[in-house]
Amino acid sequence: ISDDELGTLVDAFNAMLEQIHDRDSALVKSKEAAETASKAKSHFLANINHELRTPLNAIIGFSEIIKNEMLGKLENPKYSSYAKDIYTAGTHLLQLINDILDYSKLESGQIDLSLDTVDLNRTLKTVVRLTMPQATEHRIEILREVAEDPLTIVTDERKLRQVLLNILSNAVKFNPDGGKVTVRAWRDRGRSAVIIEVVDTGIGIAPEDMDTAMAHFGQVESGFNRHYEGTGLGLPLSKKYVQAMGGVFELQSAAGLGTTVTITLPLQPIKGS
């Protein structure tokens, strides 16, 4: 090979190295910009969440006082009906805000667990009680079947309660009037875990829509979810929280045949989870 050819090869090689260096530098800058944008977004959402919660809590609190006629009877019954609508809309909006903030935290990997000994039976009773007004309105029966009492685990009670509320609310929300939801929990001694199962007789999810249902902001088109709006974050948030607690989240469903959500949680937190 001649000196000229060798020089040409060296020049080409150096040019290629320069291109690789420029590309790497661009990737690093893009990564840094994305991380900065993510932090700015999380900071913005945290601030806006606080700014929105303050007036919303006032709206919810005062509308509840009027709705329940705590300071005396309302002369016109329409006022009570309007107060109920304001309260319902306010609590719904607050839940959407909370979902978006939680999603932002999950995106940035900010999942902090507050571990404590949790009486699962008591937690399930609370969740069923909170969901009961929604179920009663649509004549949906909620059955609670717990094999052991007490059934205790070490986990984050607040996040577990939120997961169960998300799942149970969905089970009621996407159930026709007169439907049924069954909540079961039992200890799996072989795996040192507890199993929680929520089974509903609702509209179900077709196999081709399963990925959409589990995606962030994903909403499967149906007459039900067009009537009951939401962010589409309930299921993916629940799955993320269960995984953060060292558990497994499973969803089984078929269109027209209902949905079964199964959660497996360790009795004790797993190191590194």
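# Close-up views of a predicted model

View 1. With a relative accessibility of 17%, Asn98 counts as buried (buried means under 20% relative accessible area, exposed over 50% and partly exposed in between, using a 1.4 Å probe and protein chains only). Asn98 belongs to helix H2; here helices (H or I, at least four residues) and strands (E, at least two) are DSSP runs, numbered from the N terminus. Not counting residues up to four places away in sequence, Asn98 touches Asn49 and Arg53, where contact means heavy atoms within 4.5 Å. Arg53 is 45 residues from Asn98 along the chain, and their C-alpha atoms are separated by 9.2 Å.

A few notes for all the views: this is a predicted model, in which local features need pLDDT of at least 70, side-chain atom pairs count only at pLDDT 80 or more, and totals for chains, interfaces and linings use all residues. Residues are numbered from 1 along each chain as its sequence is written, and side-chain values use heavy atoms, with hydrogens and water left out.

**View 2. The whole protein, for orientation.** The protein has 7 helices and 7 strands, and along the sequence they follow the pattern α-α-β-α-β-β-α-β-β-α-α-α-β-β. Of its 273 residues, 34% are buried. Among contacts with a separation of 6 or more, 69% join residues 24 or more positions apart.

**View 3. Helix H3 against helix H4.** The axes of H3 (residues 120-137) and H4 come within 9 Å and cross at roughly 35°; axes are lines fitted to C-alpha atoms, for helices over the stretch in contact, and angles run from 0 to 180 degrees between N-to-C directions. On the H3 side, the contact residues include Leu120, Leu124, Val127, Val128 and Thr131. From H4, Leu160, Leu164, Leu165, Leu168 and Val172 are among those that meet them. By class, this contact has 11 nonpolar, 5 polar and 4 charged residues (Ala, Val, Leu, Ile, Met, Phe, Trp, Tyr, Cys and Pro count as nonpolar, Asp, Glu, Lys and Arg as charged, and the others, Gly among them, as polar).

**View 4. Helix H4 against helix H7.** H4 (residues 157-173) also packs with H7 (residues 234-244), at an angle of about 150° and with the axes 9 Å apart. This time H4 passes H7 in a left-handed crossing. Lys159, Gln162, Val163, Asn166, Ile167 and Asn170 in H4 meet Gly234, Leu235, Ser238, Tyr241 and Val242 in H7. That contact has 5 nonpolar, 5 polar and 1 charged residues. H7 is mostly covered, with 8 of its 11 residues buried; among them are Pro236, Leu237 and Ala244. Follow the chain on from H7 and you reach Gly246, whose phi is positive, near 85°.

**View 5. Two loops with a positive phi.** Most residues other than glycine have a negative phi. Glu69 is not a glycine, yet its phi is positive, about 55°. Look for Glu69 in the loop between helix H1 (3-67) and helix H2 (77-107), where it is partly exposed at 23% relative accessibility. Ser192 likewise has a positive phi, of about 50°, although it is not a glycine. Ser192 lies between strand S4 (180-188) and strand S5 (193-200), and is partly exposed with a relative accessible area of 42%.

**View 6. The ring of Tyr87.** What sits over this ring, 4.8 Å from its centre? The charged end of Lys67 does; a charge sits over a ring if NZ of Lys or CZ of Arg is within 6 Å of the ring centre and within 35 degrees of the ring normal.

View 7. Thr201 is found in the loop between S5 and helix H5 (210-214) and is partly exposed, with a relative accessible area of 42%. Beyond its neighbours within four places in sequence, Thr201 is in contact with Asn175, Pro176, Gly179, Lys180 and Gly258. Its C-alpha atom is separated by 8.1 Å from that of Pro176, 25 residues away along the chain. Thr260 is found in strand S7 (residues 259-266) and is buried, with a relative accessible area of 17%. Leaving aside neighbours within four places, Thr260 is in contact with Glu197, Val198, Val199, Glu250, Leu251 and Gln252.

Conventions. A crossing is left-handed if the near helix is turned anticlockwise from the far one by less than a right angle, and right-handed if clockwise.
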